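I set out to record what I looked up in this entry, topic by topic. The notes are kept in the order in which I took them.

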Amino acid sequence: MASNAATNEAFWRFLLGRLLIAALTLLAVSFMIYGLIELMPGDYAERELFRKYSGTGVTITQTEIDQVRAQLGLDRPFLVRYGEWLWHVMTRFDFGPAFRVETSVNALIGDKFLYTFVLVLGAMVFSYLIAIPVGIWVATRKSGWADGVVTLISYLGLALPNFAIALVLLMLNAFVFNLDVTGLVSQEFRGQPFSLAKFLDFLGHAYIPLLVLGWSTTAFQLQTMRGLMKDEMGKLYVTAAQARGLSGWPMLIKYPARHAVMPIVSTIGFDFSPLTNCPLSPRFWC
Amino acid sequence: MAEDSAVLRVSNLSISFSTDEGLVTAVDDLSFGLEPGKTLGIVGESGSGKSVSTKSLMQLLPSNAAIAPNSSILYQTKQGKYIDIAKLDRRSKTLDQIRGGEIAMIFQEPSAAFSPLYTIGNQMIEGIRLHRNVSRAQARQQAIDMLERVGMTNPELRIDQYAFQLSGGMRQRAMIASALVMRPAVLIADEPTTALDVTIQAQILDLLAELQNEFGMAILFISHDLAVISQIADDVLVMYLGRAMETGPVRTIIRDPQHPYTQGLIKAIPRIDRLDQPLLPIPGDIPSPLERPQGCVFHPRCPHAPDRLRCRTDVPVAAETDPHHRAACHLLDEKVLEEVHR
């Protein structure tokens, strides 16, 4: 199977190339953002002093500003500062201090990143677990009630704004089911270090954001899957597979679904970013 | 029925499609038999219902197609059991066993009939293991042997290649191998040479004839090309708008066609001894399936119809002109009458 080995090698080379390009892109983006902020007039030293003395009537002198600037290392050239920041990120995964709230960026992101990540990942797994099989199933039905119901639910998910769904669910849970809806973990776990019990408690609370985050994504992917499946089902290789005696779900999964799922797989990345950037996520941070 | 030797006997097959524009009749009251080891050629223009009728033999029609309840597709299995395929449920196990194992199919476009996601070997082995209780390695060996048998160079290498890596002729050989590796009793060949150039076409036709001699399967060969049919078929069925116009042994059909449609088809074949004469196409086009002509379906294009009222009103019944040679045309009654008067 020499050709298989060659195919594998080509695959890994492609993957490696892509990862390299991704790393270079991140580097370029970080440099551009750093540069854009540098282009803005004023720096953090001025802001820090303004914040400290605003409303007190104290006059800030240039010497004081220069002093703070030297303290924070802001007087060094742009490239040196960028280089130092990059070096710390790469070697220690340290994004530096967050001046405005007087802590570090790492502390600010902290375990909120973990919660967001688990929520986003959960929402995506949930979406795909529903969208792909239901999409396949609906595509194989002749237009009928199943198609109608699924399409209705899909369009509801696409049409209802996320915040509206969130508010309704919040209200239902608070007033109808009398559940605690104020955070992603129950009172007793708040501020506690991470533990299995806390994680399980989190999962018990997570279904609301999962539903809110996942519904529209699911709807979109389901309709995509359904449409692609319908196209693929008419292809000759499907007829040929049936003519060999393959039928039912094994046939659907091996042939049309495998073909239809490709555009969905290649857009997973597009789903990841809006879910991560979803303005809702911060409301569930604890 | 006297001719119980047929491995496949289709009687009164009618197929209609429900579309947005209404019910479309694709095949209308078609009957034919397929003898073991023989080749039946089905010839007709595109839209004549050739493909639809053969796809129905394996219930491969799309879900909006319906086989009329009085149709029967009687198939005699390798074990000698009779099964009416027309009455089988789409999801029945028997159907899966017949598909590929008893009746196999090769297609016009092998590039589209193989999925580009899997190697040829993968798709062949899948078929073998659906019908035979063999290990993956055994199935692979059987696939390699069959690829070699159909004239594939380097079968051990080719089996791990994808259809798009092969040439058109090799791809069709792979298709034939994947159909014949299950040793079907019936092979349906749906225009298998149409997408190939003439030299490769001749090679594939020779190969099919050779494999038929070796394995003894019956072949149902569909083509729009009467010249190809005359090379490979023992019997011919001429179809037009879903109806059988004429059926009989290939020699009599070519030399002495009885139906005006068959006569037109034969006149339309370019001939090397008449290079100076223009080609004679059959006038007109196949009408839209939504506007099926009344009476004889061929009458709007038939040179004899304008002066005969019943061509426009009555559906002609197939009449035997010679033993085994039947044609459905009102002109034939007139000939018989003439002979009686004489």
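The entries below concern a predicted model.

**Entry 1. Chain A overall.** I first listed the elements of chain A and found 12 helices and 2 strands. Read from the N terminus, the order is α-α-α-α-β-β-α-α-α-α-α-α-α-α. I then looked up burial: 21% of the 286 residues of chain A count as buried. Among contacts in chain A with a separation of 6 or more, 67% come from residues 24 or more positions apart.

**Entry 2. A helix pair in chain A.** I next took up α2 (residues 44-53) and α3 (residues 62-72) of chain A, whose axes come within 9 Å and cross at roughly 120 degrees. Because of that angle, α2(A) is oblique to α3(A). The crossing of α2(A) past α3(A) is right-handed. From α2(A), I noted Tyr44(A), Ala45(A), Glu46(A), Glu48(A) and Leu49(A) in the contact; α3(A) supplies Glu64(A), Ile65(A), Val68(A), Arg69(A) and Leu72(A). By class, the residues of this contact of α2(A) with α3(A) are 6 nonpolar and 4 charged, with no polar.

**Entry 3. A helix pair in chain B.** I then turned to α7 (residues 168-180) and α8 (residues 198-215) of chain B. Their axes come within 10 Å and cross at roughly 20 degrees. An angle under 35 degrees counts as roughly parallel, and therefore α7(B) is roughly parallel to α8(B). I recorded a right-handed crossing for α7(B) past α8(B). On the α7(B) side, the contact is made by Gly168(B), Gly169(B), Gln172(B), Ile176(B) and Leu180(B); on the α8(B) side, by Ile200(B), Gln203(B), Ile204(B), Leu207(B), Leu211(B) and Phe215(B). The residues of this contact of α7(B) with α8(B) divide into 7 nonpolar and 4 polar, with no charged.

**Entry 4. Where the chains meet.** How many residues does each chain give to the contact? I found 23 residues from chain B and 18 residues from chain A. On the side of chain B that touches chain A, two or more residues come from each of α2 (93-101), β7 (103-106), α3 (110-113) and α4 (120-131) of chain B. Of these, α2(B) gives the most, with 5 residues. I sorted the residues of this side of chain B into 10 nonpolar, 8 polar and 5 charged.

**Entry 5. The largest nonpolar core.** This core holds 126 residues, of which Ala143(B), Ala177(B), Val186(B), Leu187(B) and Leu220(B) touch the most other members. Helix α8 (residues 196-233) of chain A gives the most to the core, with 12 residues.

**Entry 6. Phe298(B) and α11(B).** I located Phe298(B) in the loop between α11 (260-267) and α12 (309-313) of chain B. Is Phe298(B) buried or exposed? It is buried, because 24 other C-beta atoms lie within 10 Å and the cut-off is 20 or more. Beyond residues up to four places away in sequence, Phe298(B) touches Tyr240(B), Met245(B), Pro260(B) and Tyr261(B). Phe298(B) and Tyr261(B) stand 37 residues apart in sequence, yet 7.4 Å apart in space, C-alpha to C-alpha. Tyr261(B) is itself one of the buried residues of α11(B), along with Pro260(B), Thr262(B) and Leu265(B). I noted that the cover over the buried residues of α11(B) includes α9 (226-232), β10 (235-240), β11 (243-249) and α10 (250-255) of chain B.

Definitions and conventions
Residues numbered from 1 in each chain as written. Chains lettered and ligands numbered in written order. Predicted model: local features only at pLDDT ≥ 70, side-chain atom pairs only at ≥ 80, totals over all residues. Helix = DSSP H or I, 4+ residues; strand = E, 2+ residues; numbered from the N terminus. Buried ≥ 20, exposed ≤ 12 C-beta atoms within 10 Å, placed from the backbone. Contact = placed C-beta atoms within 7 Å. Nonpolar A, V, L, I, M, F, W, Y, C, P; charged D, E, K, R; others polar. Axes fitted to C-alpha atoms, helices over the stretch in contact; angles between N-to-C directions. Parallel < 35°, antiparallel > 145°, perpendicular 65-115°, else oblique. Left-handed = near helix turned anticlockwise from the far one by under 90°. Core = buried A, V, L, I, M, F, W, Y, C linked by C-beta atoms within 7 Å.
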